[in-house]
Amino acid sequence: MESFKIIIDGKECEAYPGETVLEVAERNGIVIPVFCYHKELRPEGACRVCLVEVEGAPRLATACTLRAMPDMVVKTNTERVKKARAGVIELILNNHTLECPICDKAGECELQMVGFRYGPKKSRYREPRREKDIVIQGPLIEIDNDRCILCRRCIRMCGENMGNRVLGIFNRGYKAYISPFNGDFLEGGCEHCGSCIDVCPVGSLLDRAFKYKDRPWRMEKTWTTCTLCGSGCKMEVDTYHGKVKRVVGRIGINNGHNRGYLCVRGKWGWDIVYSDKRLKKPLLKKGEELKEISLEEALRILKEKIEGKEINLFLESSLTNEELSKLSAVFGNTNVTSDALTFSLAVEGIASITGERRTASFSSTEKSDVVFVIGDFIEEVNPVIATLLRLLVIQKGKRLIRVGSYPSKLDAVAFSSLIVSPEEVIDLLKHFIMGTIDLYYSSGDRKIDSAAKALRNKKVAFIIGGTTLFSPDIKEISQTVAYLADRMGNATITVIPPKANSIGVTKLFDLKPPEKLKGSVNVLVNTELERDFPGIELPKAEFTVVFTPFYTHDIAKADLVIPIETGVEKEGKVEGIERTLDLKRAVVPKYQLTEIISQLPYREGSREKRELKIKKKPGESILSGEKGEIYFTLLVNRTGWNSVSYYSGNVAKVAGRRELHLHPEDAKGRKIVTLKGEHGELPISVVENDSLIPGTAVLRVERVTRDLKGLVKFPFTSNFKCRIAEE
Amino acid sequence: MELLKKVAFLDLLKGMKVTLKTMLKPTVTVHYPFEKVEPRKRFRGIHALKLNPDGSYRCEACYLCAEMCPSNVIDMEMTEGKDGKKELVDFTVDLTRCLFCGLCVEACPRDAIVMTDIYEFSKYSPDKLILHKEDLLELGRYYQRKEREK
Ligand code: SF4
Ligand code: SF4
Ligand code: SF4
Ligand code: SF4
Ligand code: SF4
Ligand code: FES
């Protein structure tokens, strides 16, 4: 792009076509006050505080919407500008409560800062302040409308960037106020991502869990990584006297790959640290009961019991690299199972074409022209990755093509979304392969052909993720995708890790299905069997040790239980979707897994190099349905992923429901149906959902419990088959 | 002359001149702790938190006094009360560190924190020198009673 020069305050600045004066000024260190402008949002020009004087123009112009033109001469500091600015601020302050001493935004409030620097020293208004007093309280968000300056940042954030359209302005003029439609956040479809709170320049939108809890400036800020899913979002944990008070993303300031966007788990799930289900002391089974013992004693028993024994290691993949490498040194790394098993299958599938067990980082999407997503429900499993994919389209103008078997929130911004039955996903991908070989190839479907055409001669970033990772076909799908990427040449593949360190676990351990474990001592680390290994029985063993931060159901089966820490209490690194991510300790835990494991003897281990068979051919679906069978996807709600809503009181307030989504054709008007799986059945209430395709169904649950055992079996919790019992 | 000096204890009298001169004037020495002086009107003694006429406290837990304090004396915990108002969980003043500079009083936007005329607060253990919310409110009641009397 050709750059040109403009002059701001006498300084010659370089500008690029399409840039606004504000952006140019910001880049050159010239400060122009703003309220409604935000780096991540579409400029709107609502507040008028960014007024500047342009030589030759009769009126002042708003810098945030004014496009830079060659040879423009802009002045930001003339008397005229200062007066106009002060006037605008005076008008805003005229109806502002100014209750800074009790306002939770004080100290980081933009109105305070801008008002102090550029505002009038005295107000000329004598009229009484308008009392809006419309306070809207949701379960986690509160809107104190008397502090609102109607900048519409929250509305743009929620509607455009998040795609939720929960918030809006009601009434007009003096009576205008912000509220979710229907006045109810949950009913309005709020996902509780917290982004609106983050961008509100004043203390109008508030985090209710933080309300009146602390003062922003006095807390200690720790930048760490959220470990509640594989998005690996960077977040700021604020603590005071060693107690977590809140988590903020700081959209626009955060330099992580998530750019400050968080989801409900990261924003509000911090209180799992203080969950009443936290384990306080190690427990030892004596007879039928579990007795509290000291850590020294627990370690002594553990050393004795594992000595010379082969160990069945059950790993949950949110552990840090440090923890994993210690675990592998102490417990071995070949007789291991983990919930990252399907992720490792996906990597294996890709490696069978590319020859290396590596996937591209998420930033490869930035350099591509087209983003090709193969995945369902990414917005539930990795909400922030879904947001970032959405932003690639609406901010960067990339094309997004999605292939899947269920409707997704991403479809709203997709150039093309191809939703087919799970058996046909691979066949669909093969049309694309043909399309790249033969320019005149036609699949017989206009939609597929136009999508294939959009890929031609473009840089493509393939993304595999969501519940598709748990489909029995995952290895075949990723192999097919890798084959397609290989054919196209100019393409990258990223697999979205479902958990924080799925990549690390896959690298460090040779994962096996649980049935193949052959040790005599079970060691469970950070896992919950029902959640991470649904439908699996713990292998018979002499001794079972559970390392967990919480009272889980597995404790009943354990001989020894040792407490460990949760995410924000950890120091270390995880292999994230972008690169290695840092975890910084925000709270000091009582028990540390690495410290405990270091005290155990290391064992000599030899790990054979995993050989790789290179096939260079697309995969074949192993799914085949019979008549009357429906493909199910077990979808853990966004709030329930990683059991967050179970342990966090905050998130529990907005937890989702357990329900079955069926196509009306399959539901046949029934309100409750009984699902029949291979080993059991489950009665469940039905929601008719005509955006599904017939023959597929989504079983939404908040928590994977015991009663699902007969239906799903680890590791494939998506696209499994069930029948609906005929009454 | 020599003799007269001796007989009349002239040297002694000379030496006691001051004593004799002030003997009959009123005493200025205060026999503390048996006697006490009334502190000056703007004396800065230990802190107190003022109350509203209805018995609630004036402090809004804004933390400005603590922010102003040059020796980190004040700390507080706050939360959302049942009525949705901001509430103090605890308010601590660590007298072992206080300089009695009065900056906290200056900073308070609600005229909540004040300094009483109490200067006697020695205790047998240092932890007793940390005043908590209840102590400060009790002192506030004392302060306001005094104010009314004046
Ligand atoms: S929004 Fe800002 S200016 Fe308004 S009361 Fe809160 S801190 Fe003060
Ligand atoms: S939390 Fe997220 S979804 Fe809810 S209103 Fe705010 S921006 Fe919208
Ligand atoms: S609530 Fe906040 S972000 Fe929304 S319009 Fe009001 S001031 Fe702006
Ligand atoms: S008197 Fe001075 S040192 Fe003592 S609390 Fe007040 S400001 Fe701090
Ligand atoms: S400055 Fe006043 S209102 Fe604020 S915390 Fe201190 S005593 Fe309370
Ligand atoms: S920042 Fe430009 S009009 Fe609000």
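At what angle do helix 9 of chain A and helix 14 of chain A pack, and how far apart are their axes? In this predicted model, helix 9 (residues 341-354) of chain A and helix 14 (residues 474-488) of chain A pack at an angle of about 35°, and their axes are 7 Å apart. The crossing in which helix 9 of chain A passes helix 14 of chain A is right-handed. To this contact helix 9 of chain A contributes Thr342(A), Leu345(A), Ala346(A), Glu348(A), Gly349(A), Ile350(A), Ser352(A), Ile353(A) and Thr354(A), while helix 14 of chain A contributes Ile474(A), Lys475(A), Glu476(A), Ser478(A), Gln479(A), Ala482(A), Tyr483(A) and Asp486(A). Divided by class, the residues of the contact between helix 9 of chain A and helix 14 of chain A are 7 nonpolar, 6 polar and 4 charged.

A further helix pair is formed by helix 2 (residues 79-94) of chain A and helix 3 (residues 110-118) of chain A, whose axes come within 10 Å and cross at roughly 135°. Helix 2 of chain A and helix 3 of chain A are therefore oblique to each other, and the crossing is left-handed. On the side of helix 2 of chain A the contact is made by Arg85(A), Ala86(A), Ile89(A) and Leu93(A), and on the side of helix 3 of chain A by Val114(A), Gly115(A) and Tyr118(A). The contact of helix 2 of chain A with helix 3 of chain A comprises 5 nonpolar, 1 polar and 1 charged residues.

Turning to the strands, strand 14 (residues 283-286) of chain A runs antiparallel to strand 15 (residues 289-292) of chain A, to which 4 bridges join it. The hairpin of these strands has 2 residues between them, and Gly287(A) takes a positive phi near 65° there. Strand 14 of chain A also pairs in the antiparallel sense with strand 25 (residues 560-563) of chain A, over 2 bridges. Leu284(A) stands opposite Lys291(A) in strand 15 of chain A and opposite Leu560(A) in strand 25 of chain A.

Between the chains, the contact takes 8 residues from chain A and 10 residues from chain B. The side of chain A that touches chain B consists of 3 nonpolar, no polar and 5 charged residues.

Notes: Residues are numbered from 1 along each chain as its sequence is written. Chains are lettered from A and ligands numbered from 1 in the order in which they are written. This is a predicted model: local features need pLDDT of at least 70, side-chain atom pairs count only at pLDDT 80 or more; totals for chains, interfaces and linings use all residues. Axes are lines fitted to C-alpha atoms, for helices over the stretch in contact, and angles run from 0 to 180 degrees between N-to-C directions. Angles under 35 degrees count as roughly parallel, over 145 as roughly antiparallel, 65 to 115 as roughly perpendicular and the rest as oblique. A crossing is left-handed if the near helix is turned anticlockwise from the far one by less than a right angle, and right-handed if clockwise. Two residues are in contact if their C-beta atoms, placed from the backbone, lie within 7 Å. Ala, Val, Leu, Ile, Met, Phe, Trp, Tyr, Cys and Pro count as nonpolar, Asp, Glu, Lys and Arg as charged, and the others, Gly among them, as polar. Two strands pair if DSSP finds at least two bridges between them.
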